[in-house]
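The following questions and answers examine a protein model. Please keep the sequence and the structure in view while reading.

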Amino acid sequence: MSRNYDDDNNKAVRIVWKKFEEIHPKETRPEWLENYITVSGKKNQNKNWVIRIFLIPKIQLKADQQLEWGIDGIPTVVRTDQTTGKRYMVICDGLTDEIKIIFEAEVDFTNNLINILIDTELDVLNNNKYQMLRMNSEK
């Protein structure tokens, strides 16, 4: 990917995060939320960036899997081969449920516009349904 692509993606993420914070100031968001959210983006058919802030359903680990926290605070599913004892990182094992998009916006750099596509009321979310993605370093 080109540097401009990455730069535009990062710029779009910052714009959408700022809009998310305007609508949902930190003091009004559930305390647990920031340890659970993921942000991603891609270009749509109009060549505008669509940025999603979402939650991943709780990971259902299999008997030979465990969740390990990396030095970056992000969890990784690790599988241990019962015969050899070798450990493998699980890249994709499928999600039993769909992700929960809590905020989505389209960023149009050409016209300097942001169009909010999805905005979820955050106080109705239950953290027991979602996977924690970062260790809470404040407590």
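**Salt bridges, burial and the core**

A search of the whole structure finds seven salt bridges, a salt bridge being a side-chain nitrogen of Lys or Arg within 4 Å of a carboxyl oxygen of Asp or Glu. The model is predicted: local features need pLDDT of at least 70, side-chain atom pairs count only at pLDDT 80 or more, and totals for chains, interfaces and linings use all residues. Residues are numbered from 1 along each chain as its sequence is written, and side-chain values use heavy atoms, with hydrogens and water left out.

Q: Which residue meets Glu 22 in a salt bridge, and at what N to O distance?
A: Side chains of opposite charge can pair when their charged atoms come close. The salt bridge joins Glu 22, at 3.2 Å, to Lys 19.

Q: Is Arg 29 buried or exposed?
A: The side chain of Arg 29 meets that of Glu 34 in a salt bridge of 2.4 Å, N to O. Both residues belong to a network of salt bridges that also links Glu 21 and Lys 26. Buried means under 20% relative accessible area, exposed over 50%, and partly exposed in between (1.4 Å probe, protein chains only). Because its relative accessible area is 6%, Arg 29 is buried.

Q: How many residues apart are Asp 64 and Arg 79?
A: Asp 64 forms a salt bridge with Arg 79, with 3.0 Å between the closest N and O atoms. The pair links distant parts of the chain, Asp 64 being in the loop between E2 and strand E3 (65-69) and Arg 79 in strand E4 (residues 75-80); their separation is 15 residues.

Q: Which residues does His 24 contact, leaving aside its neighbours within four places in sequence?
A: His 24 is placed in the loop between helix H1 (3-23) and strand E1 (37-43). At 8% relative accessibility, His 24 counts as buried. Contact means heavy atoms within 4.5 Å. By that criterion, the residues are Arg 29, Asp 119, Thr 120 and Leu 122.

Q: Which residues touch the most other members of the largest nonpolar core?
A: A nonpolar core is a set of buried Ala, Val, Leu, Ile, Met, Phe, Trp, Tyr and Cys residues joined through side-chain atoms within 4.5 Å. Of the 18 residues in the largest one, those touching the most other members are Phe 20, Leu 33, Leu 55, Ile 102 and Leu 125.

How values were computed:
Helices (H or I, at least four residues) and strands (E, at least two) are DSSP runs, numbered from the N terminus.
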